[in-house]
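Morning, everyone. I'll go through the charged pairs in this one, then the sheet. Have a look at the sequence and the structure first.

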Amino acid sequence: MDGAQGAALRVAGAASPALTGLTVRDCDGPGLLLEEDSAPELDRLEVIGGTPAVAVVGGANPLLRRARLVEPSGDGIAVSKDARGRAEDCEIVRPTGAGVRVASGSTLYLAGGGVSDPPPAGWWSRTAATSPSATSVSRQPARRASWSPRAAN
């Protein structure tokens, strides 16, 4: 999908599509807008640009696997308005906003992956309660923020 005005792809309502190998580029809104009670499964997604690359809002609960989000104008993944989701082995490259942003009331489980060349906030959470309990975020050499599972206590 190239050059969409607004969101390049919107998944809403009770929709639960499984999409593999999708490429989205040069849209002037979110690359993907996942909202309401949708629960899409997205594997090997690539979004080039987008504001943010992936927006998860209003109760959506997506599964993103092996996504590559390149140079979003803003956040890589933005989760808000009581949304939740899971991102596994996702790479976010050179975002101008946070690599991952989770707003109050929302949750996102992160496993594997990371943010390459992040701005000062590779990870941003409005309250400590919204941070995923199974992950931690650390800065690595070569300007890379990554997340990895915490050991259970």
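The count of salt bridges comes to 10, where a salt bridge is a side-chain nitrogen of Lys or Arg within 4 Å of a carboxyl oxygen of Asp or Glu. This is a predicted model: local features need pLDDT of at least 70 and side-chain atom pairs count only at pLDDT 80 or more, while totals for chains, interfaces and linings use all residues. Residues are numbered from 1 along each chain as its sequence is written, and side-chain values use heavy atoms, with hydrogens and water left out.

One of the pairs is Glu-46 with Arg-68, at 4.0 Å from N to O. Arg-68 is partly exposed at 39% relative accessibility; buried means under 20% relative accessible area, exposed over 50%, and partly exposed in between, with a 1.4 Å probe and protein chains only.

Next, Glu-88 and Arg-65 have their closest N and O atoms 3.2 Å apart. That pair links strand S11 to strand S8, 23 residues apart. Glu-88 is buried at 16%, whereas Arg-65 is partly exposed at 32%.

Now the sheet. Its five strands run in the order S2-S5-S8-S11-S14, open, with parallel pairing; two strands pair if DSSP finds at least two bridges between them. The edge strands are S2 and S14. S11 and S14 pair over three bridges, and Arg-86 has Tyr-109 as its bridge partner in S14.

Terms used: Helices (H or I, at least four residues) and strands (E, at least two) are DSSP runs, numbered from the N terminus.
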